[in-house]
Amino acid sequence: MNQIDHIQFAGKRALIRVDFNVPLDKETYEITDDTRIRAALPTIQKILQDGGAVVLMSHLGRPLKKLNEDGSINYEKFTLKHIVKRLSELLNTNVLFAKDCIGDEAKSLSQSLQPGQVLLLENTRFYKGEEKGDEEFAQSLSLLGDIYINDAFGTAHRAHASTTIVANFFDVNHKAFGYLMNAEVANAEKVIHQPEKPFTAIIGGAKVSDKILIIENLLEIANNIIIGGGMSYTFLKAQGIKIGKSLCEEDKLDVALNVLQKAKDKGVQIFIPVDHIIADKFDPAANTNSVSIHETPESWMGLDIGPQTIDLYSQIIFNSKTILWNGPMGVFEMEAFQAGTKAIAYAVAKATENGAFSLVGGGDSVAAVNLFNLGDKVSFVSTGGGAMLEFFEGKTLPGVAAILQQ
Ligand code: AMP
């Protein structure tokens with residue numbers, strides 16, 4: 001595979017797939033969080049400094065799914081024009097904008113780019129061909145650059161035109177990962193292929209059904225799997241424990257038992273909460289209590305792990321050399337049920353300080369780590385929720401494969 005650092009960009013146009021799918025103010029369309037734009041800057045700046053020109057493409061929202069009431073596309077809401085001002089400020093250059101991501105205007109604008117210039121294309125998802133991975137649409141995009149760079153890990157699990165199919169129009173010497181994507185892939189591969197042992201995976205979140213594939217794959221590589229969050233209760237109920245009104249997927253009880261049996265067969269330790277914080281309703285102001293997992297009243301529900309579980313899980317984390325964390329331990333959005341997730345975040349940070357490699361991935365655990373200001377205390381925070389999950393499920397990400405292929 002070609003590395004971005006080995007490519008000569010001088011006098012060339014790099015077509016870069018970035019993830020500028022940033023949150024916007026609902027009324028003014030001002031950017032409310034520019035993290036994703038900042039994350040793409042190192043790749044863009046490297047190419048500009050090398051004397052190349054840059055053509056940027058991205059999606060923003062789901063314009064073909066969120067149509068106006070009359071069925072028309074809401075161009076005003078979903079235009080990437082909202083990004084131009086902020087991107088110009090961050091790059092300290094006047095970013096040009098193409099009103100259509102393909103076609104004659106985009107082509108002539110890209111052809112007339114001078115070294116150091118940046119052109120942003122309109123939202124690729126204004127075309128049906130984007131999400132369909134349409135060949136013809138991808139080919140039209142490919143005409144806008146001499147070299148293709150993918151720096152959008154968050155969409156690498158989608159075989160869309162701008163994330164995957166477009167790469168087929170560039171040979172292996174004319175395509176590469178950007179810095180952001182390279183770091184994502186390298187860190188994920190390190191965890192999956194060469195984890196220093198003991199390797200502990202912390203899997204939380206709402207549902208077993210969302211996480212079953214990742215757990216099954218982790219049974220092949222992890223030493224310990226720590227279970228937390230709503231999904232614990234399916235495991236507990238499967239073992240005959242009364243869980244009251246806690247979240248449970250009745251149709252996944254056998255799946256949970258099967259996982260526990262497989263873990264036993266493979267010598268993988270699975271940890272399930274031994275105590276929890278219960279509430280009489282799903283409400284920040286609910287009455288709460290801290291009880292053993294065997295003492296859940298029929299009409300109460302478990303919304304966080306308890307202090308003994310925190311101690312147990314923290315010890316396992318402290319003794320680990322590689323840690324993967326996906327999903328919160330409780331309903332951390334409500335302060336009353338935050339302690340478990342917070343303690344686990346601190347345990348991961350401490351283990352990292354003591355030399356473990358820790359990777360946090362998946363929307364909610366990333367949000368939790370950031371909530372407790374621990375983002376820079378773990379080894380790597382992944383930007384790709386769904387993509388990271390699919391990677392650890394053992395799937396090949398089409399956006400990654402397309403760069404590696406001839
Ligand atoms: P996921 O997107 O699958 O990682 O799930 C994250 C969501 O699970 C968060 O919104 C949490 O509030 C929720 N969650 C975590 N623990 C529980 C629980 N014990 N009961 C209900 N929801 C939970």
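This is a predicted model: local features need pLDDT of at least 70, side-chain atom pairs count only at pLDDT 80 or more; totals for chains, interfaces and linings use all residues.
Let me begin with the nonpolar core, by which I mean a set of buried Ala, Val, Leu, Ile, Met, Phe, Trp, Tyr and Cys residues joined through side-chain atoms within 4.5 Å, where buried stands for under 20% relative accessible area with a 1.4 Å probe, protein chains only. The largest such core holds 71 residues, and those with the most contacts inside it are L121, L218, I225, F235 and F392. This core takes at least three residues from each of domain 1 (4–177) and domain 2 (185–392), bounds that come from an automatic or database domain assignment. A second, separate core has 32 residues, among them L41, I83, L87 and A176.

Residues are numbered from 1 along each chain as its sequence is written, and side-chain values use heavy atoms, with hydrogens and water left out.

As for the two domains, their C-alpha centres lie 36 Å apart, and the contact, meaning heavy atoms within 4.5 Å, takes five residues from domain 1 and eight from domain 2.

Now to the ligand, which 15 residues surround, with A206, K211, G302, E333 and D364 the closest, a residue being counted if one of its heavy atoms lies within 4 Å. Taking polar contacts as pairs of N or O atoms within 3.5 Å, a polar side-chain atom of E333 lies 2.5 Å from a ligand oxygen atom, while the corresponding distances to a ligand oxygen atom are 3.1 Å for K211 and 3.4 Å for D364.

Technical notes: A polar contact is a pair of N or O atoms within 3.5 Å; within protein, one must be able to donate a hydrogen and the other to accept it, and residues adjacent in sequence count only if both atoms are side-chain atoms. Buried means under 20% relative accessible area, exposed over 50%, partly exposed in between (1.4 Å probe, protein chains only).
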